[in-house]
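Here is a short walk through a predicted model. Have the sequence and the coordinates open as you read.

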Amino acid sequence: MPIDISTPIPVIDGEKITREEFERNYVHPQKPVILRGLWKNYPAYHKWNYNFFRKSMGDLEVGLYSSKQADPSQTLSTPTTKMKFSEYLKLIETEPTDLRLFLFPIFKHKPELLHDFDYPPITKGYIKLPFMFFGPKNSITRMHQDIDMSNVFLTQFEGRKRVVLFHPNQSDLLYKLPFNVHSTVDIEHPDYDIYPGLKYVHGMEGILEYGDTLYMPAGYWHHIEYVEGGYGLSVRTLAPTLALRLRGAYNLLIQRKLDDILRFLFGKRWFELKKRIAHDRANRAIEKILRDE
Ligand SMILES: O=C(O)CCC(=O)C(=O)O
């Protein structure tokens, strides 16, 4: 039985929505939405393609991460391999590979690219720290929440992506690991014997086409599959509440470091303890659902 992701992520015309409508309907209630055509008026929409990146920065050496070797007990901080950016672009355009390039600070290497877009006026409070994500066909960004708890606007510039989202209030049923923003569940092949909580989650699904922007409110769990090789750009705005902003700062500045130290000191035993805590929390959440039924 597949996991319930039967609710579609709504798709709206990003060129027509006003700031007032967007804030009222999506930012304040923290609801995800796909904004079609939001970036159409920026040069990047037509200018950024494989050839453009190859020509303008193909010689740059980039650190790549293997999706196959992704180990849920580790934070992904060390690249699996390195190669020239032009070689990597050729790889994802033409051949099967599992190498991904994520949280790529492309604008540090080529600040001129910042002139190719602006921050859409449908909301305010942008954090001026854009990142790009590149991946080959069939690669997966494993399920996680963004550690800084900001609202994310993820725009697709090449290829299509399938996106699955879960509200942050389902973290326990998704076996969120403590001191972390990841989970060990595989939502494509749910194992209900090991993870019975997955029977009770309800998610949303959508496809990001060329030029679509996914608005993903703070704390939303996301699983991303590259239906085709391609790339996207993310910009973010501050979370809507002080509590979420403080949580983001705590995650970044304290929790992550504490997790690294405890992993260094206790290795696998620390990971096993975190998994046990995640299972206890999921069992309690299931009991509550059954009690309330
Ligand atoms: O597009 C991707 O590969 C990942 C994007 C993501 O995880 C994010 O923007 O937080």
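Let's begin with a strand pairing: valine 33 stands opposite tyrosine 215 in β12. Strands here are DSSP runs of E with at least two residues, helices are runs of H or I with at least four residues, and both are numbered from the N terminus. Pairing means that DSSP finds at least two bridges between two strands. Strand β3 (residues 33-36) and β12 run antiparallel and are joined by four bridges. β12 also pairs with strand β9 (residues 151-158), again in the antiparallel sense and over four bridges.

The model is predicted, so local features need pLDDT of at least 70 and side-chain atom pairs count only at pLDDT 80 or more, while totals for chains, interfaces and linings use all residues. Residues are numbered from 1 along each chain as its sequence is written, and side-chain values use heavy atoms, with hydrogens and water left out.

How buried is β12 itself? Five of the five residues of this strand (residues 212-216) are buried, so β12 is largely enclosed by the rest of the structure. Buried means under 20% relative accessible area, exposed means over 50%, and partly exposed is in between (1.4 Å probe, protein chains only). Asp212, Leu214 and Met216 point one way, Thr213 and Tyr215 the other way, and all are buried.

Now for the ligand. Around it you'll find Phe133, Thr141, His144, Asp146, Val152, Leu154, Lys161, His222, Ile224 and Tyr226; a residue is listed if one of its heavy atoms lies within 4 Å. Strands β8 (140-144), β9 and β13 (221-226) each supply at least two residues of the shell, and the largest share, three residues, comes from β13.

The protein buries 97% of the 300 Å² that the ligand exposes when taken alone. Polar contacts are pairs of N or O atoms within 3.5 Å; within protein, one must be able to donate a hydrogen and the other to accept it, and residues adjacent in sequence count only if both atoms are side-chain atoms. Accessible areas come from the Shrake-Rupley method with a 1.4 Å probe; for residues, only the protein chains shown count as cover.

Next, look at the loop between β10 (161-166) and β11 (202-208), where tyrosine 175 lies. Most residues other than glycine have a negative phi. Tyrosine 175 has a positive phi of about 60° although it is not a glycine, and phenylalanine 179, in this loop too, also has a positive phi of about 60°. Are these two buried or partly exposed? Tyrosine 175 counts as buried at 1% relative accessibility, whereas phenylalanine 179, at 28%, counts as partly exposed.

Serine 183 sits in the loop between β10 and β11 as well, and is buried with a relative accessible area of 7%. A polar atom of its side chain lies 2.7 Å from the backbone oxygen of leucine 174, and the serine 183 side chain also reaches the backbone nitrogen of valine 185 at 3.1 Å.
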